[in-house]
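Subject: Structure for you to look at

Hello,

Here is the structure I said I would send. Please open it first, then read my notes below.

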Amino acid sequence: MHVHTAALPVRTRGKGTYEITSQVEAIIRESGVRAGQVTVFIQHTSASLIIYENADRSARVDLESYFDRLVPEDADYFVHTAEGPDDMPSHIRMVLTRSSETIPIDGGRMQLGTWQGIFVFEHRHAPHSRSLAVTVIGEG
Amino acid sequence: MHVHTAALPVRTRGKGTYEITSQVEAIIRESGVRAGQVTVFIQHTSASLIIYENADRSARVDLESYFDRLVPEDADYFVHTAEGPDDMPSHIRMVLTRSSETIPIDGGRMQLGTWQGIFVFEHRHAPHSRSLAVTVIGEG
Amino acid sequence: MHVHTAALPVRTRGKGTYEITSQVEAIIRESGVRAGQVTVFIQHTSASLIIYENADRSARVDLESYFDRLVPEDADYFVHTAEGPDDMPSHIRMVLTRSSETIPIDGGRMQLGTWQGIFVFEHRHAPHSRSLAVTVIGEG
């Protein structure tokens, strides 16, 4: 049994979803772990993680439209507005999705389903440099 | 320390919640792990996992009614509609719940609370065969 | 590699968010784990966990206001009402947030971002004694 830790930087171009599956796969290969699990963690409160369908771009468009409606920017009861109208909705969208994703590893490969990918969900309008921490635990 | 991996197939009868607590407990017994954690992961993007109250069926009825309202099937802005009206809402309901659940193990038992169970939340109308991957990590 | 398990009791004063970051840090120090991960799990279905911005209290006020609106107490279609009007919304708010949080550990420290804290999100009006289970796994 051993542990492998890695930092995974991700640049976003503003609001939207960014697939990071292949970067996580590369970290698992480096780790040498054949059976165990990987945890991907995002070190921010205005961007989050999702596991999502990675075949058809239109499913991501609809997800982003839905979240724009579910957590609107112009809620008149928000008091935390000093950092701009997209800041408070970003925090809520992060809470409604995930800060970490944990995925089993078997035979040296993440046990993702056929249509699953790991995505950073950027909630701010401006491009950002996002920091992720990855831990792989298991047997070589 | 060791790792135990298992596949857990779950058949659903269409939309609704399906408890899998006892199946996960059986995998933990097989693993021999006494202290550690179990991760349950669902390999799909139109079904998800929740930990939920398992005593009173009415709490599940209300949860399902709520999600039907929160993510309606007939949103006029959806463009990802080729796979039917229940497909895009399924993806969103999955994102709003969870792809994985991680539960501590102590004394050989999952540390679930008195009223907690692990459930597959099926979001499609039709029955489906769902594949879950389970990893148990810990000391025997 | 080793595993450290601990119980973490948290008293709430009713609805709201309660930071537990320093208590989790103390458990990691006790564990002696330098590289690995910690899983925090809440053993209840009417309180949940979030990782959230811990610098500005107003961001928590807005989050709580948002959830009051997203899952109202007076939904006329709820049938699970025997335990009071705040019970069923509590279960749904728990599902929309998290039962567990998993955070990487490196150099003996949780890899939280600058503005991230771990919080119990109490959804019931009355004060409660909440039980959390914590597992630390990794190398010393």
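**The axis and the copies**

Before the rest, the ground rules. This is a predicted model: local features need pLDDT of at least 70, side-chain atom pairs count only at pLDDT 80 or more, and totals for chains, interfaces and linings use all residues. Residues are numbered from 1 along each chain as its sequence is written, chains are lettered from A and ligands numbered from 1 in the order in which they are written, and side-chain values use heavy atoms, with hydrogens and water left out.

Now the axis itself. Superposition here is by least squares on the C-alpha atoms of residues with pLDDT of at least 70 in both copies. Chain C goes onto chain B by a rotation of 120°, again with 0.0 Å of shift and an RMSD of 0.0 Å. These two copies are thus related as by a three-fold rotation axis. In chain C, the C-alpha nearest the axis belongs to C:Leu96, 3.4 Å away.

**Chain B against chain A**

Here 31 residues of chain B are in contact (heavy atoms within 4.5 Å) with 36 residues of chain A. The two chains bury about 2,700 Å² between them, 61% of it on carbon and sulfur atoms. Buried area is the accessible area (1.4 Å probe) that two parts lose on being put together, summed over both. Three residues stand out: B:Phe41, B:Tyr77 and B:Val95 supply 23% of the area that chain B buries here, more than any other three.

What about polar links? There are 16 residue pairs in polar contact, both residues at pLDDT 80 or more. A polar contact is a pair of N or O atoms within 3.5 Å; within protein, one must be able to donate a hydrogen and the other to accept it, and residues adjacent in sequence count only if both atoms are side-chain atoms. Salt bridges number zero. That rule asks for a side-chain nitrogen of Lys or Arg within 4 Å of a carboxyl oxygen of Asp or Glu.

Which element gives the most to this side of chain B? It is α3(B), with six residues. Helices (H or I, at least four residues) and strands (E, at least two) are DSSP runs, numbered from the N terminus.

**Chain C against chain B**

Chain C puts 31 residues in contact with 36 of chain B. About 2,700 Å² is buried between them, 61% of it on carbon and sulfur atoms. On the chain C side, C:Phe41, C:Tyr77 and C:Val95 lose the most area, together 23% of what that side buries. The count is zero salt bridges. Polar contacts join 16 residue pairs, both at pLDDT 80 or more. Six residues from α3(C) make up the largest share of the side that touches chain B.

**A sheet in chain C**

An open sheet of five strands runs in the order β1-β8-β3-β5-β6, with antiparallel pairing. β1 and β6 (109–110) stand at the edges with a single partner strand each, so one side of each has no neighbour in the sheet. Strands pair if DSSP finds at least two bridges between them. β1(C) and β8(C) pair antiparallel over ten bridges. C:Ala6 stands opposite C:Val134 in β8(C).

Best wishes
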